[in-house]
Amino acid sequence: MSFKIDRGLFKYDFIDHHAVLCVPVDADVKEIRKRYLNIARRLHPDSSFTESVAQKQLGNELLSKLVNPAYEKLSGDRTRAEYILILSQIGKRLVQESTSVILNTDLGKQLADTANIDHFYKSAIAKLAQTQYDSLEQALQVIAQVSELNLVYLMRSGGKASAPPPPSAQPKVQSGTPQPNTPKNTPPAPAPPKEDSIVEQYVRRAQSLIDKNQFAQAKVELQDALKLEPKNSRCHSLIAMVYLRQNQLKMAKIHFDNALKLDPNDEIALQWKPKIDKALGQQPNDHKVTSSPNNRDKQPDKSGSGGLFGGLFGGKKK
C-alpha cells in the first residue's frame, strides 16, 4: 500500500516525521519515545484493537512504513540533528513564501490567525494525538492535518525547530574579578567550530563517495543537496563530475553550464566543460569515420571503460 501525503510539509518533498508521530516540532526525545510506544501498541498486529485481518495488515504497514522510520529518525542524535537542520531551512523558506501558502484545514487557518501561537499549536497537536490512529483508514488525513499545523507553526515562528540541547551554561564572571584557582592571565577559550550546514554535509559525503568511485550514492547525496539549494554552484559542478564519471556527457554538460552561470569562476566547471563540449561535438564525426572497415579501431567505446570516457579520464573508471 502506498502512503502518499501531499499536504503540509509533505508538499515540499519532505517526510514530516513529527506529523507521523503527532508530536510538536520542538518535542524532546523523551516525549517522542513515549508517543512512539503508545502508537506501536495501537498498531502492532497482536493488538486487540486490530481484530480483522485487513486491519491487522493495515496497522502493520503503517507501523513499519511510517511510524518506525519516524521514530528511528527522531530518536538518533545524528539523524535527528540532520533532520532538524532541514526542517529549520524549510521553515525559513516558508517565512519568505508565507503570502503564497495555501491552507486546507480550519485548524491550520486558526493557527495562522491566533495570537497565542504556542498554546494553540500544542493544544491542537495533543488533541489530534488522542485519536490519530483510532481509524486506520483516516490516519493519513490526520497526519496531513498535523503536518499543516507544523507548517504554519514554522512559518509563524520564523523556522524555529527543536535543536540539540546546548552545552551546560558556564557561571557568569564579573569583569575584573579573578576566579579561585584560575590564573589571572588565562586566555579565553577558543570559540567552538562552526557547524556545517546540512548542504555542506551532503557535499562532504558526496565528495568522499566520489573519491571511492561510488558514484550512484554520491549522486543521491548531491540531488538531496540541490533540493535544498538549487543555486549552489559547487553542487552542480560535483554532480556534473558524477555524470561525467558515469559517461553521461549531456547531463554533465547541463550541470557544468548551471555551475558556470552561478559562478563563472568555478574551477571544476572551467576545467571540464570545454572537454565535454569538444567530445560532444566530435561524436557525430566519429560515427561517420567508423563506417570504414579500416577505421574500426577508432570507434568510440560507450561501455565507460575506454574510448571517449577513457580519453577524458585516462583510464578505466568504476
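Visitor: What is the handedness of the crossing of H9 and H10?

Guide: Happy to start there, bearing in mind that this is a predicted model. Two packed helices are described by the angle between their axes and the distance between the axes. Here the axes of helix H9 (residues 215–228) and helix H10 (residues 233–245) come within 10 Å and cross at roughly 155°. An angle over 145 degrees counts as roughly antiparallel, so H9 is roughly antiparallel to H10. The crossing of H9 and H10 is left-handed.

Visitor: Which residues of H9 and H10 make the contact?

Guide: From H9, Phe 215, Ala 218, Lys 219, Leu 222, Gln 223, Ala 225 and Leu 226 take part, and from H10 the partners include Cys 235, His 236, Leu 238 and Ile 239. By class, the contact of H9 with H10 has 10 nonpolar, two polar and two charged residues.

Visitor: And at what angle do H2 and H3 cross?

Guide: The axes of helix H2 (residues 29–43) and helix H3 (residues 53–75) cross at roughly 170° and come within 10 Å. H2 and H3 are therefore roughly antiparallel to each other. Their contact involves 11 nonpolar, three polar and one charged residue. Among them are Ile 32, Tyr 36 and Leu 43 in H2, along with Leu 63, Val 67 and Tyr 71 in H3.

Visitor: Now for charged pairs. How many salt bridges are there?

Guide: The count is 12 salt bridges. In one of them, the side chains of Asp 13 and Lys 227 meet at 2.9 Å, N to O. This pair links distant parts of the chain, with Asp 13 in the segment before helix H1 (17–21) and Lys 227 in helix H9, 214 residues apart. Asp 13 is exposed, at 57% relative accessible area, while Lys 227 is partly exposed, at 49%.

Visitor: Which residue forms a salt bridge with Lys 122?

Guide: That is Asp 26, with the closest N and O atoms 3.1 Å apart. Lys 122 sits in helix H6 and Asp 26 in the loop between H1 and H2, 96 residues apart.

Visitor: Where do Lys 253 and Asp 257 lie?

Guide: Both belong to helix H11 (residues 249–262), four residues apart, about one turn of the helix. Elsewhere, salt bridges that share partners join Arg 78, Glu 82, Arg 205 and Glu 221 into one network.

Visitor: Last one: is Thr 114 buried or exposed?

Guide: Buried means under 20% relative accessible area, and Thr 114 has 18%, so Thr 114 is buried. Leaving aside neighbours within four places in sequence, Thr 114 is in contact with Phe 120 and Arg 156. By contrast, Asp 113, in helix H5 (residues 106–113), counts as exposed at 66%.

Notes: Residues numbered from 1 in each chain as written. Predicted model: local features only at pLDDT ≥ 70, side-chain atom pairs only at ≥ 80, totals over all residues. Heavy atoms only, no water. Axes fitted to C-alpha atoms, helices over the stretch in contact; angles between N-to-C directions. Helix = DSSP H or I, 4+ residues; strand = E, 2+ residues; numbered from the N terminus. Parallel < 35°, antiparallel > 145°, perpendicular 65-115°, else oblique. Contact = heavy atoms within 4.5 Å. Nonpolar A, V, L, I, M, F, W, Y, C, P; charged D, E, K, R; others polar. Buried < 20%, exposed > 50% of the residue type's maximum accessible area, 1.4 Å probe, protein only. Left-handed = near helix turned anticlockwise from the far one by under 90°. Salt bridge = Lys/Arg side-chain N within 4 Å of Asp/Glu carboxyl O.
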